[in-house]
Amino acid sequence: MHEEITGVILAGGRGSRMGGEDKGLVPVAGKALYQYVLARLQPQVDSVAISANRNQARYRASGLPVIGDLTPDFAGPLAGMLAGLEHAAGKWVAFVPCDVPDFPTTLVEELWRQKGAALAAYASDGERDHPTLALLNTGLIPHLTDYLARGERKLMLFLKEVKAQRVVFCGQQTAFHNLNAPEDCQRWQQTRGLRDE
């Protein structure tokens with residue numbers, strides 16, 4: 001058994017490749033995209049919150065806590081991660097973006113199991129790193145606050161700074177595909193055989 005883990009869905013981006021639409025709320029077969037991510041994340045964690053900077057009322061309709069960035073300038077995933085760490089009841093937070101609906105069902109378990117003594121772990125498919133799918137300890141709050149205050153925004157650089165553990169999910173490249181554009185959503189819906197409601 002591991003300690004309590006809070007799950008946070010990162011839905012705070014600008015959605016520029018979705019034509020400015022809020023990516024997590026893009027409808028796929030009659031359901032908002034983030035709801036597919038939520039259904040996959042909920043069994044893996046103790047509680048879930050959504051990191052969002054726009055349309056917060058629509059995300060709140062899920063009944064989950066919605067947390068905005070502590071910085072006002074869309075500072076990227078790290079700002080959402082900082083807000084998530086500040087919100088967490090326990091010491092560990094698992095982050096997943098709102099546009100990766102097929103992420104591994106063992107994601108949190110494997111990140112936890114393989115993190116060793118590190119205060120952070122992130123997923124890789126063996127070919128590419130996926131740093132937004134990560135497990136972070138709240139002990140990183142001061143370091144991350146300082147990092148963002150210095151004007152830094154690069155997530156991978158931060159993870160290197162804190163000596164995060166890379167956890168490889170072999171042969172699961174397709175699990176990490178993110179749906180960036182409307183056509184990606186349509187393709188994903190077709191491959192799943194989901195019908196528009």
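Residues are numbered from 1 along each chain as its sequence is written, and side-chain values use heavy atoms, with hydrogens and water left out. Because the model is predicted, local features need pLDDT of at least 70 and side-chain atom pairs count only at pLDDT 80 or more, while totals for chains, interfaces and linings use all residues.

Start with the backbone. Most residues other than glycine have a negative phi. A29 is not a glycine, yet its phi is positive, about 50°. A29 sits in the loop between β2 (27-28) and β3 (31-32). Helices (H or I, at least four residues) and strands (E, at least two) are DSSP runs, numbered from the N terminus. A29 has 4% relative accessibility, so it counts as buried. Buried means under 20% relative accessible area, exposed over 50%, and partly exposed in between (1.4 Å probe, protein chains only).

K163 also has a positive phi, near 55°, and it is a residue other than glycine. Look for K163 in the loop between α6 (155-161) and β9 (165-168). K163 is exposed, with a relative accessible area of 67%.

Leaving out residues up to four places away in sequence, Q189 touches V28, A29, L194, R195 and D196. Contact means heavy atoms within 4.5 Å. Q189 is buried, at 12% relative accessibility.

Now turn to a pair of helices. The axes of α3 (residues 77-87) and α5 (residues 141-149) come within 10 Å and cross at roughly 150°. Axes are lines fitted to C-alpha atoms, for helices over the stretch in contact, and angles run from 0 to 180 degrees between N-to-C directions. α3 and α5 are therefore roughly antiparallel to each other. That term covers angles over 145 degrees; under 35 counts as roughly parallel, 65 to 115 as roughly perpendicular, and the rest as oblique.

Which residues of α3 and α5 meet? From α3 come L78, A79, M81, L82, L85 and E86, and from α5 come I141, L144, T145, Y147 and L148. By class, this contact has nine nonpolar, one polar and one charged residues. Ala, Val, Leu, Ile, Met, Phe, Trp, Tyr, Cys and Pro count as nonpolar, Asp, Glu, Lys and Arg as charged, and the others, Gly among them, as polar.

Next come the annotated residues. An unreviewed UniProt entry gives the annotation "binding site" to L10, A11, G12, K23, D69 and D99. UniProt positions follow the numbering used here, feature names are shortened, and annotations may be inferred rather than shown by experiment. A11 lies in the loop between β1 (5-10) and β2. A11 is buried, at 5% relative accessibility. Beyond residues up to four places away in sequence, A11 touches D22, I50, S51, A52, N53, Y59 and C98.

D99 is in the loop between β6 (92-97) and α4 (107-114). Is D99 buried or exposed? D99 is buried, with a relative accessible area of 6%. With residues up to four places away in sequence not counted, D99 touches K23, L33, V37, H177, N178, L179 and N180.

Finish at α4. Its buried residues are L107, V108, E110, L111 and W112. These buried residues pack against β1, α1 (33-41), β6, β7 (120-124), β8 (129-137) and β9. Just after α4, G116 takes a positive phi of about 65°.
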